Amino acid sequence: MHVNRRDLLVGGGAAALAAFVPASSGLAAKPAMNGVLKLSSQLGVIPGKSLEEKLAKMEQWGFDGVELPADIVGKEKMYEDAIRKTKLKFSAVCFGSMNGDLVSEDASKRGPAAEKLKQVLTSAGELGTTGVIYVPAFNGQTKLTNQEIRQILVDTLPAIGEHAVKVHSRILLEPLNRKEAFFLRQVADAAAIARDCQSPGICVMGDFYHMAIEETSDLGAFISAGPMLHHVHLASRTRVLPGQDDRQFVEGFLGLKWIGYQDYCSFECGVKGNRDEEIPKSMAFLREQWAQAEL
Ligand code: MG
């Protein structure tokens, strides 16, 4: 397709960009622009003395989802009983890295780590979440190189992904910034690993805090993940509530609209000031930024 200067100007670049996205890439060649903003939060961000109190507050404030902590195995009924009293849904499970065991230089640690991951996927599926957030290794957790870690993941994750699909869940690879993890820092890198795993059970997420450090374009990052993106973490540049510093979300939200994102955006951050006042303020700020995200 020939692209002239007028196309670039009239289409704001979108039409021109679409012309260069090969259909075989599986990415959104044309902006879907039908994404939704469903707000969620980790429980630690929300004030309240009990799980019930926190959920009631979240419902009252207009949240859609609740992000679960890592230790859900054996606690499924407790969480189910609590959420049934509300209109909320569970968004994702913030699981972590298991000390980097799945990609440890000590090969004997990898098998048990894979089993543990499968167990939490089963619980995550039961609770109706979009998936289990997994970080391969924080800095210092493995002595292996980038290339070695990647190879282990591409060799190991497909079988775990198969289990994930069976239990209606998925792994969500989370890229972090270089101060926390030298391996896996960009959303597109996570998406390339997920693509190479060739399993619908292996997907990715993006975290606005880490993205502010590592990405050159929030829009580009989310388009790179495309249909593999199934969770987003919300935090400002200084890792407090969105709106509490200069971090902007419009470009990233345009990316979510572009790929037709249907999952949750979830607070993972500190709070400056009174939580009862600041959290609703941040939610309003995000809805405003979402409205501004237009082509
Ligand atoms: Mg995060």
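Which handedness does the β-α-β unit of strand 2, helix 4 and strand 3 have?

1. **Basis.** This is a predicted model: local features need pLDDT of at least 70, side-chain atom pairs count only at pLDDT 80 or more, and totals for chains, interfaces and linings use all residues. Residues are numbered from 1 along each chain as its sequence is written, and side-chain values use heavy atoms, with hydrogens and water left out.

2. **First crossover.** The unit of strand 2, helix 4 (residues 76–84) and strand 3 is right-handed (clockwise from the first strand over the helix to the second, with the strands pointing away from the viewer). Helices (H or I, at least four residues) and strands (E, at least two) are DSSP runs, numbered from the N terminus.

3. **Strand pairing.** Strand 2 (residues 65–68) runs parallel to strand 3, joined by 3 bridges; pairing takes at least two DSSP bridges. Gly65 sits opposite Lys89 of strand 3.

4. From strand 3 the chain passes through helix 5 (residues 110–126) to strand 4, in a right-handed crossover. Gly96 has Tyr134 of strand 4 as its bridge partner.

5. **Burial.** In strand 3 (residues 89–96), 6 of the 8 residues are buried (under 20% relative accessible area, 1.4 Å probe, protein chains only).

6. **Metal site.** Glu174 (OE), Asp207 (OD), His233 (ND1) and Glu268 (OE) are the protein donors of the magnesium ion, at 2.1 to 2.2 Å. Donors are N, O and S atoms within 2.8 Å of the metal (3.2 Å for Na, K and Ca); water is not among the atoms, so sites may look incomplete. The donor spacing is E-x32-D-x25-H-x34-E.

Key. Buried < 20%, exposed > 50% of the residue type's maximum accessible area, 1.4 Å probe, protein only.
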